[in-house]
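Reader: Could you walk me through this model, step by step?
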Amino acid sequence: MTDAHNRAAPPRRRSRMRRVATLVLLAEKVIQHVVVTAAFAIDLAGIRDTVAIPWVALAAAGVPLALLYALAFRRYRHRRPGARALVAALALIDVVGEFVAQGTPAITVNMSFLVALLLLALVVTDRRGAPRAD
């Protein structure tokens, strides 16, 4: 079979579920970064007092991260080259950022952290594009 024929074949159910899950989690990350950045801007529920570093730095990082997650969503949805690497890099930034924001290696695990880890696991274990064993 040719490469064109292999690409035209419908995805297996499991691959489709992984893909949909990845897209849903990417959308969640866009929304999360927008909402948290807005929360910092208006000090919703005293959020500024919950972080170890200046809240302005986190709010300033939230805007480009939301835009990059939106870009990652679009690139992943359209199967663009480098999309998985972008998702993995952003997820790693979120994981490290959680430690920085909390200011300790003994962090409180929250939903943002778990979603970032799940995204990282999904894209790292994605076998699409991996060489086939013939």
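Author: Happy to, with some ground rules before we start. This is a predicted model, in which local features need pLDDT of at least 70 and side-chain atom pairs count only at pLDDT 80 or more, while totals for chains, interfaces and linings use all residues. Residues are numbered from 1 along each chain as its sequence is written, and side-chain values use heavy atoms, with hydrogens and water left out.

Reader: Which elements does the chain have, in order from the N terminus?
Author: Helices (H or I, at least four residues) and strands (E, at least two) are taken as DSSP runs, numbered from the N terminus. The chain has five helices and zero strands. From the N terminus on, the order is therefore α-α-α-α-α.

Reader: Which element has the highest mean pLDDT?
Author: pLDDT is the predictor's confidence in each residue, from 0 to 100. The chain averages 87, and 85% of the residues score at least 70. Helix α1 (residues 3-8) has the lowest mean among the elements, 52, and the highest belongs to α3.

Reader: What covers the buried residues of α4?
Author: Buried means under 20% relative accessible area, exposed over 50%, and partly exposed in between (1.4 Å probe, protein chains only). In α4 the buried residues include Val 87, Leu 90, Ala 91, Asp 94, Val 95 and Glu 98. An α-helix has 3.6 residues a turn, so residues three or four places apart point the same way. Counting contact as heavy atoms within 4.5 Å, the cover includes α2 (13-42), α3 (55-77) and α5.

Reader: What span does helix α4 reach from its first C-alpha to its last?
Author: Helix α4 covers residues 83-102, which is 20 residues. The expected span of a helix is 1.5 Å times one less than its number of residues.

Reader: Is Arg 84, which pairs with Asp 126, buried or partly exposed?
Author: The side chains of Arg 84 and Asp 126 meet in a salt bridge at 4.0 Å, N to O. The pair links Arg 84 in helix α4 to Asp 126 in the segment after α5, 42 residues apart. Asp 126 is buried, with a relative accessible area of 15%. Arg 84 has 27%, so Arg 84 is partly exposed.

Reader: Which residues does Ser 112 touch, not counting residues up to four places away in sequence?
Author: Ser 112 is in helix α5. Its relative accessibility is 13%, so Ser 112 counts as buried. The residues that Ser 112 touches are Lys 29, Gln 32 and Glu 98.

Reader: And is Met 111 buried or exposed?
Author: Met 111 lies in helix α5, residues 111-124. Its relative accessibility is 56%, and therefore Met 111 counts as exposed.
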